[in-house]
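Dear colleague,

I am handing over the structure below, and I would be glad if you read my notes with it open beside you.

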Amino acid sequence: MMPLRDGQQAMAALDDRDFPDCPVCGAASWTIVHDGPVRDGGFGSGRPGRVARCTGCGIDRLAESLCLDETAYRTEGYRRHVGQDHDLLKHYAVHDELQRFTLDAIWPMSLRGKCVADVGCGGGSLLDHVRGLCGELIAIDPDPGFAPSLRQRGYKWFAAASDAARERSGAVDVAFSIQVIEHVRDPVAFLTEIRALLKPEGCLVLSTPNRADILMDLLPVEFPSFFYRTQHRWAFDASALARCAQAAGLRVAGMRHIHRYGIANTLLWLRDRKPSGRAALLPLDRTADDLWRTWLERSGRADNLYAVLVPAS
Ligand SMILES: [Zn+2]
């Protein structure tokens, strides 16, 4: 048998069941961008995996056989997978400190009196941060575990945006979806369902990890095995996210890169080859963090994308 060249080997080995046609652009051609461990829970819990990039629209997809089953999101399974459960205090401890990045992303937009929905709200930390300012607040999450508490706090709970649209189609001023689209089975269908909720002048504020994160360049061996993970079916850069939004009838009104860590996080990654969260590295201080963040955000290398999407017509 004739040996295949490198590129042919990569293409020949792609299984259609692992890399079916792209739901964003319909292309059937994928190029492998990561062939190695992918994270399966916390740091160091890798499984062998593959990630490929659509040659049409540029979205990255994890091999289907590695993806977390969607039913996990309707049970305790997903939260257990990421080391969480339905303890609200734990939810607040993880998510409360992250809300400032979302609030920063929408500044100077006012939510006063607005109908707001959070798609993939979990325990409702973001809604809690805007309660008292908004009008109606809609909590959407497939996991019913937090639903009693969300209702008790005055939020209208639905399991899916399509369920909410039966009662609130075209009623939402501002929808949020923070770190959700990378998990869903079909990102275009997901955005299309949210679009149905929006008023014609409404918007969706959506965030997702940025695959152009600086650590992908600085640690090309170690970091991709941390960045790509079994609970993320998709990975985006700003261009791929814009293409996905366009396919769902949404237009990019704004795209920001927002970095959630200080410079110590990057330097400790380089020194220790492992994540250190918000650990300090003296004498680096907030001024050093601000300089580093500004460069990352201006150069598109921050760890998160924040898009403001509006109905295209
Ligand atoms: Zn595509």
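How much space lies in the second largest pocket? About 290 Å³ of space lies there, where a volume is the space filled by probe spheres set on grid points joined across faces, edges and corners, and a pocket is an open set of points on a 1 Å grid over the protein atoms alone, with a 1.4 Å probe fitting and protein on both sides within 12 Å along at least five of seven lines.

Before going on, please note that this is a predicted model, in which local features need pLDDT of at least 70 and side-chain atom pairs pLDDT 80 or more, while totals for chains, interfaces and linings use all residues. Residues are numbered from 1 along each chain as its sequence is written, and side-chain values use heavy atoms, with hydrogens and water left out.

The second largest pocket is lined by 18 residues (those with an atom within 4 Å of a point), and Tyr261, Gly262, Arg278, Asp289 and Arg293 lie nearest its centre. Helix 13 gives the most to this lining, with 4 residues; helices here are DSSP runs of H or I with at least four residues, and strands are runs of E with at least two, numbered from the N terminus.

The zinc ion has Cys22, Cys25, Cys54 and Cys57 as its protein donors, each through SG and 2.3 Å away, donors being N, O and S atoms within 2.8 Å of the metal (3.2 Å for Na, K and Ca). Along the chain these donors follow the spacing C-x2-C-x28-C-x2-C. Cys22, in the loop between helix 1 and strand 1, and Cys57, in the loop between strand 2 and strand 3, are 35 residues apart and link distant parts of the chain. Both Cys22 and Cys57 are buried, that is, under 20% relative accessible area with a 1.4 Å probe and protein chains only.

With kind regards

Note on methods:
Buried means under 20% relative accessible area, exposed over 50%, partly exposed in between (1.4 Å probe, protein chains only).
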